[in-house]
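Trainee: I would like to go through the terms used for this chain and see what stands behind each of them.
Mentor: Go ahead, one term at a time.

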Amino acid sequence: MIPGMAGRSLLDASGRVLLLTGAAGGIGAAVAAAYRQAGGTVAGLDLVGDELVGGEDILACDTADEAAVAAAVAAVLERHGRIDDVVHAAGVVGEGRLADMALAAWQRVLDANLTSAFLLARACAGPLAAARGRLVFLSSTNGRNGGSHLSGAAYAVAKAGLINLTRYLAREWAGDGVRVNCVAPGPVDTPMLARLDAETRAALEGGTLTGRLPTADDIAASIAFLLSDNAAAFTGTTLNPSAGFLLD
């Protein structure tokens, strides 16, 4: 038995509140389920809001909108009184080659993935400091290997930005006891892959070393680890749950 690990579960979220963006998506829903199972409360945000997902309401919020993010964080604090953990799983993919990309499409992908992370982190800085909490961003192997036209240049750039925002905030917020980490999976078996044809999907699966794409639950487990006391030594770190799609 590892010293200090006796009786320690993957995540104990009892009495804690998680603010989760992208809560209606495949990975978001898996994170919410894992956090609730660990005894915590989930306050979900998503463009698809005002509906029940996993038994709880999700608040409609465009996380790329400054006023909407501020209002949503205020609403969560009013309802729950605290925010202990934040997971930013909201985002969109792009597609196509750079020469064919309109400026509006570039800006939309950057805003949805990277600007939204800045707005969320800024709005949650105070509550996270008060709770000595944890923040996890959802990046991608596209942000580490340059990506491809399947998701487009803006997506690769935005996801790379999330990795360095993780490092920056880990340093800036260390004095407040806030840990900031990131997960950067490769292709994940979620409805987002429905846009790909069977041949492309098979090629992605063949690019893993395990022979299968990670599931949303696989990624949620990595996020749950980073939110847990088991990851007390982790901050400024980007995990690679890509099934060997990318080797560190």
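Trainee: Why is D84 called buried?
Mentor: Buried means under 20% relative accessible area, exposed means over 50%, and partly exposed lies in between, with a 1.4 Å probe and protein chains only. D84 has 0% relative accessibility, so D84 counts as buried. One caution: this is a predicted model, in which local features need pLDDT of at least 70 and side-chain atom pairs count only at pLDDT 80 or more, while totals for chains, interfaces and linings use all residues. Residues are numbered from 1 along each chain as its sequence is written, and side-chain values use heavy atoms, with hydrogens and water left out.

Trainee: What makes R82 and D84 a salt bridge?
Mentor: The term requires a side-chain nitrogen of Lys or Arg within 4 Å of a carboxyl oxygen of Asp or Glu. Between R82 and D84 the closest N and O atoms are 2.5 Å apart, and the pair forms a salt bridge. R82 has 39% relative accessibility and therefore counts as partly exposed. By this rule the count comes to 8 salt bridges.

Trainee: Which parts does the pair R122 and E66 tie together?
Mentor: The closest N and O atoms of R122 and E66 are 2.6 Å apart, and the two form a salt bridge. R122 lies in helix α3 (residues 103-131) and E66 in helix α2 (residues 66-80), so the pair links parts 56 residues apart in sequence. Helices here are DSSP runs of H or I with at least four residues, strands are runs of E with at least two, and both are numbered from the N terminus. R122, at 44% relative accessibility, counts as partly exposed.

Trainee: How many residues apart are R201 and E205 in helix α6?
Mentor: They are 4 residues apart in helix α6 (residues 198-206), a separation of about one helical turn. Salt bridges that share partners join D189, R201 and E205 into one network. For R201 and E205 the closest N and O atoms are 3.3 Å apart.

Trainee: Why is the chain called as compact as a globular protein of its length?
Mentor: The secondary structure comes to 7 helices and 8 strands. The radius of gyration is 17 Å, close to the 18 Å that the globule rule gives for 248 residues, so the chain is as compact as a globular protein of that length. That radius is taken over C-alpha atoms, and the rule is 2.2 Å times the number of residues to the power 0.38. Buried residues make up 47% of the 248 residues.
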